[in-house]
Amino acid sequence: NVAATNITGNSATITWNTNESADSQVEYGFTTSYGQSTPLNTLQVTAHSIVVSGLTSETVYHFRVKSKDAAGNAAVSADYNFRTADITPPVITNIVATSITGVSATITWNTNEVSDSQVDYGLTAAYGTTTTLNASPVTSHSESISGLVNNTLYHYRVRSKDPSGNVTVSTDKTFTTLDTVAPVISNVTITAVGTTTATIEWDTDKSADRQVQFGHLTDYVAPGSPTTLPTSLGTHHVVTLVGLDPGSLYHFRVRSADASSNTALSADYTLTTRSITF
């Protein structure tokens with residue numbers, strides 16, 4: 001009944017029986033040459049139990065047991081072996097957020113041993129949401145996150161567990177989803193009309209540039225052209241059209257694009273310049 005039990009990453013308990021009372025000792029090592037022995041336990045028993053400690057994790061050990069009765073008769077068992085447990089967690093490297101859109105992202109990372117894949121994420125370092133565990137044992141990991149909010153900073157961390165149950169959790173990382181939503185245009189107003197000029201004003205719900213496309217027809221081409229784009233962004237926009245024909249009907253629409261080039265166009269509006277009177 002020679003057996004290795006209670007095996008951990010750095011110890012094991014060796015048990016055996018003898019048909020008469022005898023002492024207890026275990027020889028052990030990486031090969032059948034052994035090289036190490038436990039201290040002799042001189043207690044005369046028939047059920048023997050010796051703890052072997054100071055071992056290396058995830059390693060095969062050879063061992064044999066020795067018992068000697070009170071008369072000095074010694075017995076040595078055949079060779080046996082056991083493997084210590086894996087107690088070393090995976091090493092996580094190369095964590096990257098890729099393929100980021102306004103509502104999704106893909107998180108990739110590597111581990112130095114095969115392990116599963118999972119990502120915690122949320123608006124703060126408390127996370128709050130976790131992807132479904134991907135139990136496939138791999139060293140190159142890729143997990144998709146969806147249902148995110150446009151133009152928002154997200155915190156995330158990755159976790160991997162090897163087949164022995166050792167878990168590693170990464171430090172906190174962040175990424176920002178893309179801004180893919182165009183500005184909302186409102187309050188389009190003609191605030192001043194002259195014989196050759198007109199002033200158009202409007203608002204947007206976020207900072208954006210400003211431009212007016214205008215012409216005699218709804219194709220907004222000559223006589224008329226888009227106004228010059230400004231270098232600054234804002235939420236209240238004022239553009240003055242110049243060089244208009246007196247007493248003429250003009251179609252126009254306003255255009256605003258945010259810093260991410262998301263562009264909004266208004267509906268068509270009309271204005272009539274004042275006639276020259278003599």
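1. Tyr 220 is buried, at a relative accessible area of 9%; buried here means under 20% relative accessible area, exposed over 50% and partly exposed in between, with a 1.4 Å probe and protein chains only. Tyr 220 is found in the loop between β17 (211–215) and β18 (234–241). Strands (E, at least two residues) and helices (H or I, at least four) are DSSP runs, numbered from the N terminus. Although Tyr 220 is not a glycine, its phi is positive, at about 55 degrees.

2. This is a predicted model, in which local features need pLDDT of at least 70 and side-chain atom pairs count only at pLDDT 80 or more, while totals for chains, interfaces and linings use all residues. Residues are numbered from 1 along each chain as its sequence is written, and side-chain values use heavy atoms, with hydrogens and water left out.

3. Tyr 34 is also a non-glycine residue with a positive phi, of about 60 degrees. Tyr 34 lies in the loop between β2 and β3 and, at 12% relative accessibility, counts as buried.

4. The loop between β17 and β18 also holds Leu 229. Leu 229 is partly exposed, with a relative accessible area of 41%. Not counting residues up to four places away in sequence, Leu 229 touches Asp 209, Arg 210, Gln 211 and Arg 255; contact means heavy atoms within 4.5 Å. From Leu 229 to Leu 123, 106 residues apart along the chain, the C-alpha separation is 35 Å.

5. The largest nonpolar core has 15 residues. Such a core is a set of buried Ala, Val, Leu, Ile, Met, Phe, Trp, Tyr and Cys residues joined through side-chain atoms within 4.5 Å. Ile 200, Trp 202, Val 212, Leu 241, Phe 252 and Val 254 have the most contacts inside the largest core. At least two residues of this core come from each of β15 (185–193), β16 (198–208), β17, β18 and β19. Another core, of 13 residues, lies apart from it and includes Ile 107, Val 119, Ile 145 and Tyr 156.

6. Aromatic pairs are defined for rings of Phe, Tyr and Trp (its six-membered ring) whose centres lie within 6.5 Å; planes under 30 degrees apart count as stacked, over 60 as edge-to-face and the rest as tilted. By this rule the count comes to eight aromatic pairs. One of them, Phe 252 with Tyr 269, is stacked, at 5.6 Å centre to centre and 25 degrees between the planes. Because Phe 252 lies in strand β19 (residues 249–257) and Tyr 269 in strand β21 (residues 269–272), the pair ties together parts that are 17 residues apart in sequence. Phe 252 counts as buried at 1% relative accessibility, whereas Tyr 269 counts as partly exposed at 31%. Elsewhere, Phe 30, Tyr 61, Phe 63, Tyr 80 and Phe 82 form one aromatic cluster.

7. The largest pocket has a volume of about 170 Å³. On a 1 Å grid over the protein atoms alone, a pocket is an open set of points where a 1.4 Å probe fits, with protein on both sides within 12 Å along at least five of seven lines; lining residues have an atom within 4 Å of a point. Grid points are joined across faces, edges and corners, and the volume is the space filled by probe spheres set on them. Of the 16 lining residues, Asn 17, Thr 18, Ser 67, Ala 75 and Val 76 are the closest to the pocket centre. Strands β2 (11–29), β5 (60–68) and β6 (74–76) each supply at least two lining residues, and β2 gives the most, with six. The lining divides into six nonpolar, six polar and four charged residues; Ala, Val, Leu, Ile, Met, Phe, Trp, Tyr, Cys and Pro count as nonpolar, Asp, Glu, Lys and Arg as charged, and the others, Gly among them, as polar.

8. Thr 38, in the loop between β3 (36–37) and β4 (41–53), is buried, with a relative accessible area of 6%. Leaving aside neighbours within four places in sequence, Thr 38 is in contact with Gln 25, Val 26, Tyr 28, Ile 50, Val 51 and Val 52. Thr 38 and Val 26, 12 residues apart in sequence, are 5.5 Å apart in space, C-alpha to C-alpha.

9. Pro 90 lies in the loop between β7 (80–83) and β8 (92–98) and is buried, with a relative accessible area of 2%. Among the residues that Pro 90 touches, not counting those up to four places away in sequence, are Thr 111, Glu 113, Lys 161 and Val 167. Pro 90 and His 251 are 161 residues apart in sequence and 66 Å apart in space, C-alpha to C-alpha.
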